[in-house]
Amino acid sequence: MDTQTLPGSGGVRIRAHITGDSNAPAVLLLHALGDRATDWSAATAALAPYFRVIALDLRGHGDSDWPGKYSFELMADDVAAVLDVLDLNNVVVIGHSMGGVVAYILAQKQPDRIARLIIEDAPPPFPRTRPLPARPSGELLFDWDVVPAIASQVNDPSRRWWRHLSDITAPTLLIGGGTSSHVPQELLSEVAGLIPDCTVVTLDAGHNVHHNAPEDFNTIVLQWLGSANETR
């Protein structure tokens with residue numbers, strides 16, 4: 001595995017973990033709040049024989065910079081900057097939870113750049129009331145300031161990102177976590193009705209599908225990407 005520190009937006013440095021054939025199609029992995037690139041280790045191992053896999057530590061997480069300024073939009077700008085540096089287009093983007101929202105925004109802003117979009121158990125932000133958790137004691141592997149910044153956007157009642165879902169041109173796969181997830185699964189069906197080319201698959205594994213059911217998750221992803229490639 002090749003580990004690189006690459007420029008994001010506004011001078012923020014983003015750590016990228018890259019594996020697989022450099023000439024293969026690129027897959028970009030975006031983690032959830034509080035996680036990091038290595039959270040995708042099982043998915044990376046399954047994808048690397050077929051793809052060039054790039055897993056990022058998003059700003060404020062892991063070995064990327066912790067600048068103290070956080071939003072979904074800034075994270076999407078960081079990802080776009082990394083793609084610029086790596087000169088990547090026609091990218092498959094896989095995002096979980098917070099990383100899924102970043103992936104939605106990237107696919108809305110740069111639709112021609114995204115070949116396929118896979119979202120794990122995440123609609124765009126919707127009106128809800130979720131209390132801010134207390135900071136755990138001890139050292140963390142991410143900047144706690146990310147939590148209130150992202151929470152304020154997650155609880156945004158405006159649904160401002162929903163109106164741009166129709167701008168996503170990439171074939172999209174939504175993988176829901178089923179009844180054991182805290183995410184209302186009917187919202188994923190609503191998302192699927194707004195993205196022009198979208199498929200929903202449910203694995204009753206909870207919110208963290210790729211961790212709780214890695215073999216099923218990887219099988220669904222690889223089968224869907226294979227089918228998508230066959231129809232290109």
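The crossing of helix 2 and helix 3 is right-handed, a term used when the near helix is turned clockwise from the far one by less than a right angle, anticlockwise being left-handed. The model is predicted, so local features need pLDDT of at least 70 and side-chain atom pairs count only at pLDDT 80 or more, whereas totals for chains, interfaces and linings use all residues. Residues are numbered from 1 along each chain as its sequence is written, and side-chain values use heavy atoms, without hydrogens or water.

**First selection: helices 2 and 3**

Select residues 72-86 for helix 2 and 98-109 for helix 3; helices are DSSP runs of H or I with at least four residues, numbered from the N terminus. These two helices pack at about 65 degrees, and their axes lie 9 Å apart. Axes are lines fitted to C-alpha atoms over the stretch in contact, with angles from 0 to 180 degrees between N-to-C directions. On the helix 2 side, the contact (heavy atoms within 4.5 Å) includes Phe-72, Met-75, Val-79 and Leu-83. Among the partners in helix 3 are Met-98, Val-102, Ile-105 and Lys-109. By class, eleven residues of this contact are nonpolar, none polar and three charged. Nonpolar covers Ala, Val, Leu, Ile, Met, Phe, Trp, Tyr, Cys and Pro; charged covers Asp, Glu, Lys and Arg; the others, Gly among them, are polar.

Phe-72, Glu-73 and Met-75 of helix 2 meet Val-146, Ile-150, Gln-153 and Val-154 of helix 4. Five nonpolar, one polar and one charged residues make up this contact.

Next, display Leu-33, Ser-97, Arg-130, Ile-150 and Val-154, which are the closest to the centre of the largest pocket among its 28 lining residues. A pocket is an open set of points on a 1 Å grid over the protein atoms alone, with protein on both sides within 12 Å along at least five of seven lines; lining residues have an atom within 4 Å of a point. The volume of this pocket is about 520 Å³. Helix 4 gives the largest share of the lining, four residues. The lining comprises 21 nonpolar, four polar and three charged residues.

One cavity of 30 Å³ or more is found in the whole structure; in a cavity, a 1.4 Å probe fits but cannot get out. Select Asp-39, Trp-40, Ser-41, Ala-42, Ala-43, His-210, Pro-214 and Asn-218 to show the lining.

How values were computed:
Grid points are joined across faces, edges and corners, and a volume is the space filled by probe spheres set on the points.
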